[in-house]
Structure formats: C-alpha cells, structure tokens
Amino acid sequence: MYVSRWSDTETWGGDIPPLEGESISIPKGQHLLVDIDSTPVLNAIIVEGSLIFPPDADPNHVRTFDAGYVMVMGGYMEIGTEDFPYTSKLVITMYSDRFSPYLPIYGNKVIGVRFGTLDMHGIKRDITWTRLASTADIGATSITLLEETDWAVGEEIVIAGTGWHNDESETRFISSVSGTVISFDEPLIHMHLSVTPLYGGVEMPMQGEVGLLTRNVVFRGDPIVSPADLYGGHIMIHSPGDESSVGRIEYIELKDVGQAFKLGRYPIHFHMIGTVHKSYVVGNAIH
C-alpha cells in the first residue's frame with residue numbers, strides 16, 4: 001500500500017504535524033505510517049483509513065504514542081501482524097480521567113474498534129508463566145522454576161502469593177538467570193510455597209505460579225492518574241453481533257489498565273461481538 005509518513009509535512013497539507021491536545025482524522029483510503037519516535041499527547045485519533053506502526057531495525061529502539069482516544073471506525077490499526085510481529089519496542093499511553101468526555105458505548109482512555117480491525121502482535125514468548133520448583137522463603141533473592149525459560153535480565157516477573165492474604169504477590173526485576181534459577185536484587189517479603197503433599201496416596205501439587213510481565217509492546221494508562229484513581233486505559237472491540245469488528249491481540253503487556261467501579265471497562269473487552277471466529281487474545285500480560 002502507499003503510505004503517508006507522519007514525519008512528512010505533505011501528510012499534513014504542508015503544515016506542521018499535530019501538536020499537543022489536537023485531534024486527527026485519518027480518512028478512508030489514507031494509510032498513516034507512524035515513523036517518528038514520539039508524539040505529543042493528542043486528544044483523539046479517528047481511524048477510517050489505516051494507522052500503522054512500523055518496527056525499527058534496532059530491537060531496543062523505543063517508540064511512544066500518547067492519546068486520550070483512538071477510535072477505529074471502519075478502519076485498521078496495525079502494530080505488527082500474525083506473520084510479522086512488532087520486533088522493536090512500543091509504548092502506547094492513554095490519557096483521561098473519570099470526568100473526561102465519554103464516547104458513547106466506548107467511554108474514554110480507550111482504543112475503540114467499530115466495524116474495523118485491531119492488530120497488536122508483540123514478540124512471541126514461548127513460556128509466559130510457570131511454577132516454582134521449590135519454596136521461596138522470606139528474604140530470598142532468587143527462585144527456582146520448574147523449567148528453563150527465555151526470560152532475560154531486566155525483565156519483570158510476578159511471583160503469585162500462596163498465603164492466606166490476597167496482597168502477597170510480589171513483582172521483581174530479573175538481575176541474573178542461570179538455568180532454572182532466576183535472581184533479583186530486592187529480597188522477598190513473603191514466603192511462596194512449592195510442595196507436593198500426599199492425600200490418600202494421591203499427589204496434590206501446590207506450587208506458586210511465576211509469570212513474565214514484560215513484553216516489547218506496552219499498552220498502558222498514564223502512570224500518574226491510572227494507579228492513583230484506579231482508572232486506567234482499556235481496549236473495546238464492539239459490533240452489533242455480526243463480528244464486523246476484529247481484534248487480534250497477542251504477546252503484549254497491558255499495564256495500569258481497566259477502570260474500577262465502571263461496568264464493562266475491562267482491560268480488553270469484546271462487547272456484544274457475537275460468535276468470535278476471527279479474533280483472539282493470546283500470551284498477554286495484564287497488570
């Protein structure tokens with residue numbers, strides 16, 4: 001397809017690219033390629049054509065995209081594809097609060113899809129979660145997993161709580177990896193159990209889960225308002241029951257997402273979409 005580059009002034013009629021607080025309309029037939037490293041915080045992007053994020057040749061390159069609303073109306077939004085996932089790093093941050101204007105049905109702080117397609121494909125991770133091979137005691141700075149993973153230094157993991165209280169899960173950044181042993185600098189505050197007792201001669205594995213939170217594509221609510229007000233970003237794919245909207249979302253990280261005390265404001269929401277044959281959600285980390 002022929003694309004219009006964000007960095008090209010001709011894309012904007014010879015004028016400068018959009019400034020903070022402005023809105024953008026991508027009409028049917030236009031394919032807008034986001035070839036810049038960062039955008040200002042935009043108000044709304046209405047996508048009737050295509051909004052495409054190309055990966056960089058450098059896998060450590062970081063691109064950021066900030067907005068209050070992204071509405072795919074009969075159009076297409078692409079962050080990688082099934083055959084060619086996004087291979088560098090991208091952070092999409094949504095801005096709004098409880099009092100910002102609502103789009104009917106979709107609300108705010110949202111990527112919404114209506115009669116359109118959303119493709120979000122990060123790098124596949126073969127193991128997104130596993131279990132503890134042995135109990136991790138209070139004060140431990142390493143854990144042993146049941147299997148080897150492709151998890152790397154600098155990535156974030158979550159160690160599920162195994163106690164009586166729901167606040168005993170702990171997140172840590174990996175400092176080193178040696179086989180099945182994952183190390184980190186900050187000692188654990190809680191014990192995380194891994195035992196296999198026998199009941200009536202039957203083994204009952206009780207092993208705490210460990211999950212990988214890091215992905216190369218991140219969709220998040222803004223880091224100030226979202227955690228403070230429990231009011232994060234969300235993705236809603238909606239259709240009148242005929243599957244005219246499609247969402248294919250895999251191996252991305254969703255952080256500070258979902259809107260507490262709001263019905264239907266889940267991190268990813270297929271709303272009244274009917275029987276789903278074309279869409280899927282695979283291998284994502286939501287926290």
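Strand β8, covering residues 89-94, is the top contributor to the lining of the largest pocket, supplying three residues. The model here is a predicted one. In total, 15 residues line this pocket, and those nearest its centre are K89, E155, T214, R215 and N216. By type, the lining splits into six nonpolar, five polar and four charged residues. The volume of the largest pocket comes out at about 270 Å³.

Next comes E156, which sits in strand β13 (residues 156-159). What is the nearest side chain of opposite charge to E156? That would be K255, at 4.8 Å. A salt bridge needs a side-chain nitrogen of Lys or Arg within 4 Å of a carboxyl oxygen of Asp or Glu, and E156, although buried, has none. Setting aside neighbours within four places in sequence, E156 touches T171, R172 and F173, along with G211, L212, L213 and T214, and also H287. One of these contacts, T214, turned up above among the residues nearest the centre of the largest pocket.

F261 is not a glycine, yet has a positive phi of about 65°. This residue belongs to the loop that runs between β24 (253-255) and β25 (268-271). F261 counts as exposed because its relative accessibility is 76%, the cut-off being over 50%.

M272 is the other case: its phi is also positive, near 55°, and again the residue is something other than glycine. M272 is located in the loop between β25 and β26 (280-282). With a relative accessibility of 59%, M272 therefore counts as exposed.

Technical notes: Residues numbered from 1 in each chain as written. Predicted model: local features only at pLDDT ≥ 70, side-chain atom pairs only at ≥ 80, totals over all residues. Heavy atoms only, no water. 1 Å grid on protein atoms, 1.4 Å probe; cavity = no way out; pocket = protein on both sides within 12 Å on 5 of 7 lines; lining within 4 Å. Points joined across faces, edges and corners; volume = space filled by probe spheres on them. Helix = DSSP H or I, 4+ residues; strand = E, 2+ residues; numbered from the N terminus. Nonpolar A, V, L, I, M, F, W, Y, C, P; charged D, E, K, R; others polar. Buried < 20%, exposed > 50% of the residue type's maximum accessible area, 1.4 Å probe, protein only. Lys, Arg positive; Asp, Glu negative; His and termini not counted. Contact = heavy atoms within 4.5 Å.
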